[in-house]
Amino acid sequence: MFISPKYKGPMKRIVAINKDNRAVFIAATIFTVLGLSLQWWRMQTLNASMDQGILYQILWNSLNGNFFESTLSSQLSTSVVHNGDLPTIGYQRLGQHFTPILIIWLPIIKLFGKWALPFLQVILIALAGLVLYKLARSKLNKRLSSMIAVSFYGANAVIGPCLGNFTDLCQLPLLIFILILAIEYRRKWLTLFIALIIPMVREDTGIVLMGVGLWVLYAYKSQWKLALYLILYGSVSVIAITNFIMPIFSEDNSKRFMVENFGQYLKGDNQASSLEVLKLTIQQPILLIKEILSPPGKTIRYLAGQFLPLAFIPLVSIDIWILMGLPLLGLLIAQGNPLGINWRYTYLVVPGLFSGAVYWWSKNKYIFNIKMVRTLWKSCIALSLIFMLTSNPNKSLSWLVPSSIQPWIFRNPIEQWNHGQAARELLKEIPQNATVAANNPLIPHLADRQVLVRFPAMYKYKDRKKLTHNVNWIALDFDYHYRSAHAFKKHRRDLNYLLEDITKLQKEYSIYKAKSGILIFKLGIDKNPDAEQYLRNLITQASLI
């Protein structure tokens, strides 16, 4: 379309806006299209796993009137893990993770089924980038704002978790960016509403809200009342949820998750509330400092991965360190330091990092005028993308990147597709209302039912009356462990467990169908000679590893 240089109407303004925003919308579109495509591929080729199945089962049960119930979550409860009990119908996951905000996605689950959560994750993160751009535009020119938004879409810490199992934390970047944008524009009611719901994302997200409150106190001293509200509400929400609300549903937070995450501070105790953990942590400053600093290599690599797409330029930003400091500290002091750049916990840190970068650049705009700085920044974004590709985040690029170099393990896309197709065909044999046990790769495809437990080791459950039952069907992706057992100790160990349990279950179950390493067992002694021979051959081959 030709527009005269003298024309001053709305069409020319629209064309100008589109031109200025082009890089952001191209990046957002590429991110969304590739993200949706790779999530589709992960599901089709059986690379999604139990964590996604848990959340899908919770929401499916909620749709059917059994709010937040999950037998998969029950299997992770302290009564099962520590006391040897069986998974139970009626167990509510809110005692493990307090995530009531998930309930708003029930209509999407109803419409799209098992595809809803992985696709929703990509869309929420893509929208977060657009809101970040809007926040940047409130302080910066279009070009610099575009660079920050493109940095977000090119960050390994953003892309990696987005290409993994659905996580409740994927809602956090969008909410934090909206919150800070509302604070910037002095939208009181929007600010209060978003702040109110952030602790509903997960029991620990109030800590992120506290960080925002501390930052408001630093950056907008005139809004000290708002800052105090955010700090107070964030801290009280964490204390109230973890100490008073979650124990209503189960003791898992104090008896399992606090012990597993912060057991080094507990002096041998096998139970602690979040307040007790905080008290014991403060009483042991030397241990606390040791946990923060070690392992130094892993911590440095993690921070480098976070700052790389921003070219390390805002590394000295006070805004960034205040906004991301508290959630980062929580990760550093946790047992084992959950500092994987492709792990879901990065979404606790990412919002503070990128929103803080906006405010650092608002005070240092002149630096962006240096051509070398712009070139360095673009190179860092490209390098971040290269590192992301080579890391094969959450096996989303397994069609391109080998699982192991030495020894060489690579499955070509056709092989992966055929294996997934065989699994989908055999899973259709299982009735919709049947009770099922399955191993990790098959769980997301079977989670739309009241009873699903993870195999091996588990194929029994308790009903609401605490009566014990066998599941009707067992579905196994035997090839999942078999193909990598020679290279990875974990897969070799799990393969041995699988072989032991297959031997045990054949007293009560018969092999019903088998194809491409996918095994379907049915309760009873109906014989399928071909499937039995296939299983015998498979066991013989596996025993040679």
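## The second largest cavity

About 30 Å³ of space lies in the second largest cavity of this predicted model. Its lining is made up of Asn61, Glu69, Ser70, Thr71, Ile89, Gly90 and Gln450. Sort these residues by class and five are polar, one is nonpolar and one is charged. Glu counts as charged, and Glu69 is in this lining. Ile counts as nonpolar, and Ile89 is in the lining too.

## The largest cavity

How many cavities of 30 Å³ or more does the structure hold? There are two. The largest has about 40 Å³ of space.

Which residues line the largest cavity? They are Met43, Gln52, Gly53, Tyr56, Lys114, Leu117, Pro118 and Pro444. Five of the lining residues are nonpolar, two are polar and one is charged. Two helices, α2 (50-63) and α6 (116-137), each supply at least two residues of this lining. Helix α2 gives the most, with three residues.

## Helix α18

Now to a helix. Helix α18 covers residues 350-363, which makes 14 residues. From its first C-alpha to its last, α18 reaches 21 Å. That is close to the 20 Å expected at 1.5 Å a residue.

Is α18 mostly covered or mostly open? It is mostly covered, with twelve of its 14 residues buried. Buried here means under 20% relative accessible area. The buried residues of α18 include Val350, Pro351, Gly352, Leu353 and Phe354. Ser355, Gly356, Ala357 and Val358 are buried as well.

Strand β7 (residues 518-523) pairs with strand β5 (residues 473-477). The pairing is antiparallel and runs over five bridges. Within it, alanine 475 stands opposite isoleucine 520 in β7.

Strand β7 also pairs with strand β6 (residues 509-515). This pairing is antiparallel too, over six bridges. Here isoleucine 511 stands opposite phenylalanine 521 in β7. In a regular strand, side chains alternate between the two faces of the sheet.

What do β6 and β7 form together? They form a hairpin, with two residues between the strands. Serine 516 is in the turn and has a positive phi of about 55 degrees.

Note on methods: Residues are numbered from 1 along each chain as its sequence is written. This is a predicted model: local features need pLDDT of at least 70, side-chain atom pairs count only at pLDDT 80 or more; totals for chains, interfaces and linings use all residues. Side-chain values use heavy atoms; hydrogens and water are left out. Two strands pair if DSSP finds at least two bridges between them. Helices (H or I, at least four residues) and strands (E, at least two) are DSSP runs, numbered from the N terminus. The expected span of a helix is 1.5 Å times one less than its number of residues. Buried means under 20% relative accessible area, exposed over 50%, partly exposed in between (1.4 Å probe, protein chains only). On a 1 Å grid over the protein atoms alone, a cavity is a set of points where a 1.4 Å probe fits but cannot get out, and a pocket is an open set with protein on both sides within 12 Å along at least five of seven lines; lining residues have an atom within 4 Å of a point. Grid points are joined across faces, edges and corners, and a volume is the space filled by probe spheres set on the points.
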